[in-house]
Amino acid sequence: MTPIKMVDLKGQYEKIKKEIDENILQVIESTIFINGPKVKEFQTHLENYLGVKHVIPCANGTDALQVSLMALGLKAGDEVITSPFTFIATAEVVGLLGITCKFADVERDTFNLDVTQLEKAITPKTKAIIPVHLFGQSCNMEIIMQIAKKYGLFVIEDACQSIGADFIYKNGEKKKTGTIGDIGCTSFFPSKNLGCYGDGGAIFTNDDELARKLRGICNHGMFEQYHHKLLGVNSRLDAIQAAVLDVKLKYLDEYNATRRKAADFYNKMFENNPNIEIPAISSFSTHVFHQYTLKLKNANREKVIEKMKEAEIPVMVYYPVPLHLQEAFGYLGYNTGDFPITEKLSECVISLPMHTELTEEQQMFIGRNLIGGLGLS
């Protein structure tokens with residue numbers, strides 16, 4: 001059996017090596033490394049895939065979130081609501097801009113923003129909601145958009161872990177995550193379902209004027225060369241990364257289907273184990289399993305992790321410290337007990353290897369060792 005990796009980028013690359021190498025070589029030979037035709041081609045192909053009017057490529061997912069807040073004109077004193085159970089970037093950019101981050105607890109089953117808790121967090125200062133489509137499935141965007149409309153709020157979707165997932169409306173209509181709110185953001189970090197070979201990200205919108213503003217902010221606030229109407233940033237997707245992504249985009253649905261198949265295999269191994277709770281899938285979303293995250297019950301997680309490491313099986317805990325309890329956000333004044341579901345999840349979740357190159361032999365080995373580790377006290 002080949003060594004198990006949390007993400008096997010090399011195995012994935014070897015299957016598409018010829019296409020990737022040719023695309024990268026075209027960029028090198030063109031010597032157009034910033035913007036240029038390769039970036040435009042990828043942008044157009046991604047717009048078509050998502051069914052969105054505008055894709056604005058940028059340097060990374062964190063920039064995508066920050067630029068989105070800047071484009072909406074949010075300022076110090078405004079409040080933005082998001083989840084405390086996610087990677088720090090979502091809330092980090094809010095704080096960096098001097099905006100106040102407020103949290104609403106998540107659902108125990110899906111890990112996503114609990115819409116029943118959302119309105120409780122809204123105040124007269126609230127200007128936007130950032131729902132995070134965590135681990136690969138959508139928040140309840142139909143209800144979130146209804147709440148946003150009721151209170152006149154912007155919605156910025158953090159789709160950094162969910163590219164390719166569909167939100168399913170009550171009438172059966174489907175839309176890709178990131179294309180429903182005012183703005184959507186994604187990351188092309190190498191380990192993502194659609195990942196490049198460095199840093200990369202993109203912003204999505206169907207609003208023409210907002211798209212223009214987003215593009216300008218990404219380019220130093222410049223809409224005409226050397227004329228700067230706004231204070232912006234330097235955030236671009238370089239052409240070599242676009243060349244990689246344009247190849248991989250053709251395989252994204254296949255990659256996501258492979259991940260779902262691997263998740264099904266895991267589920268069958270664990271579904272009847274009293275110490276394991278398998279991932280829940282919402283009725284209103286497909287799941288692309290950026291992560292395969294379990295909840296352990298009546299088990300010593302540290303001993304389980306130790307057992308897995310002994311067997312040379314990588315596992316991760318996403319996320320061990322909720323955002324409201326992070327030292328960096330101490331100034332917000334939150335305390336232990338403020339978001340009990342998030343805090344409980346941080347104590348019991350564990351993520352197993354999940355990628356397109358997993359074999360059933362590897363998954364059986366992972367499953368046996370996980371189950372074996374559950375008996376340790």
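This is a predicted model: local features need pLDDT of at least 70, side-chain atom pairs count only at pLDDT 80 or more; totals for chains, interfaces and linings use all residues.
What is the order of the strands in the open sheet of 7 strands? The order is E1-E9-E8-E5-E4-E2-E3, and the pairing is mixed.

**Stop 1**

Select strand E1 (54-58) and strand E3 (100-103), the edge strands, each of which pairs on one side only. Going across the sheet, the twist from one strand to the next averages 25 degrees.

Now select residues 183-187 and 201-205. These are strand E8 and strand E9, which pair in the antiparallel sense over 4 bridges.

H4 packs on it and touches E1, strand E2 (79-82), strand E4 (126-130), strand E5 (154-158), E8 and E9. The direction of H4 makes about 160 degrees with that of E8. H8 also packs on the sheet, where it touches E1, E8 and E9. Its direction makes about 10 degrees with that of E1.

**Stop 2: H4 and its helix neighbours**

The crossing of H4 past H8 is right-handed.

Show side chains for this contact. On the H4 side are Val 67, Ser 68, Met 70 and Ala 71; on the H8 side are Leu 210, Lys 213, Leu 214, Ile 217 and Cys 218. Coloured by class, the contact of H4 with H8 has 7 nonpolar residues, 1 polar and 1 charged.

The axes of H4 and H5 come within 9 Å and cross at roughly 40 degrees, which makes H4 oblique to H5. This crossing is right-handed. H4 contributes Thr 62, Leu 65, Gln 66 and Leu 69, and H5 contributes Ala 89, Thr 90, Glu 92, Val 93, Val 94 and Leu 96. By class, the contact of H4 with H5 divides into 6 nonpolar, 3 polar and 1 charged.

**Stop 3: H3 and H9**

Select residues 36-50 and 239-249, which are helix H3 and helix H9. The axes come within 8 Å and cross at roughly 35 degrees, and the crossing is left-handed. From H3, show Lys 38, Val 39, Glu 41, Phe 42, His 45, Leu 46 and Tyr 49; they meet Ala 239, Ala 242, Ala 243, Leu 245, Asp 246 and Leu 249 in H9. By class, the contact of H3 with H9 has 9 nonpolar, 1 polar and 3 charged residues.

Step back to Asn 35, in the loop between helix H2 (17-30) and H3. Check its backbone: phi is near 60 degrees, a positive value in a residue other than glycine. Most residues other than glycine have a negative phi.

**Stop 4**

One to display is Phe 111 with Phe 135, an edge-to-face pair at 5.3 Å centre to centre, with 75 degrees between the planes.

**Stop 5**

Move to the open sheet with the order E12-E13-E14, whose pairing is antiparallel. Its edge strands are strand E12 (276-277) and strand E14 (349-352), each pairing on one side only.

H11 touches E13 and E14, and its direction makes about 15 degrees with that of E14.

**Stop 6: a cis peptide**

Finish at Tyr 318 and Tyr 319, which a cis peptide bond joins, with omega about 15 degrees. Tyr 319 is in the loop between helix H11 (301-310) and helix H12 (340-348). Most peptide bonds are trans.

Key
Residues are numbered from 1 along each chain as its sequence is written. Side-chain values use heavy atoms; hydrogens and water are left out. A crossing is left-handed if the near helix is turned anticlockwise from the far one by less than a right angle, and right-handed if clockwise. Helices (H or I, at least four residues) and strands (E, at least two) are DSSP runs, numbered from the N terminus. Contact means heavy atoms within 4.5 Å. Ala, Val, Leu, Ile, Met, Phe, Trp, Tyr, Cys and Pro count as nonpolar, Asp, Glu, Lys and Arg as charged, and the others, Gly among them, as polar. Two strands pair if DSSP finds at least two bridges between them. Axes are lines fitted to C-alpha atoms, for helices over the stretch in contact, and angles run from 0 to 180 degrees between N-to-C directions. Rings of Phe, Tyr and Trp (its six-membered ring) pair if their centres lie within 6.5 Å; planes under 30 degrees apart count as stacked, over 60 as edge-to-face and the rest as tilted. Angles under 35 degrees count as roughly parallel, over 145 as roughly antiparallel, 65 to 115 as roughly perpendicular and the rest as oblique.
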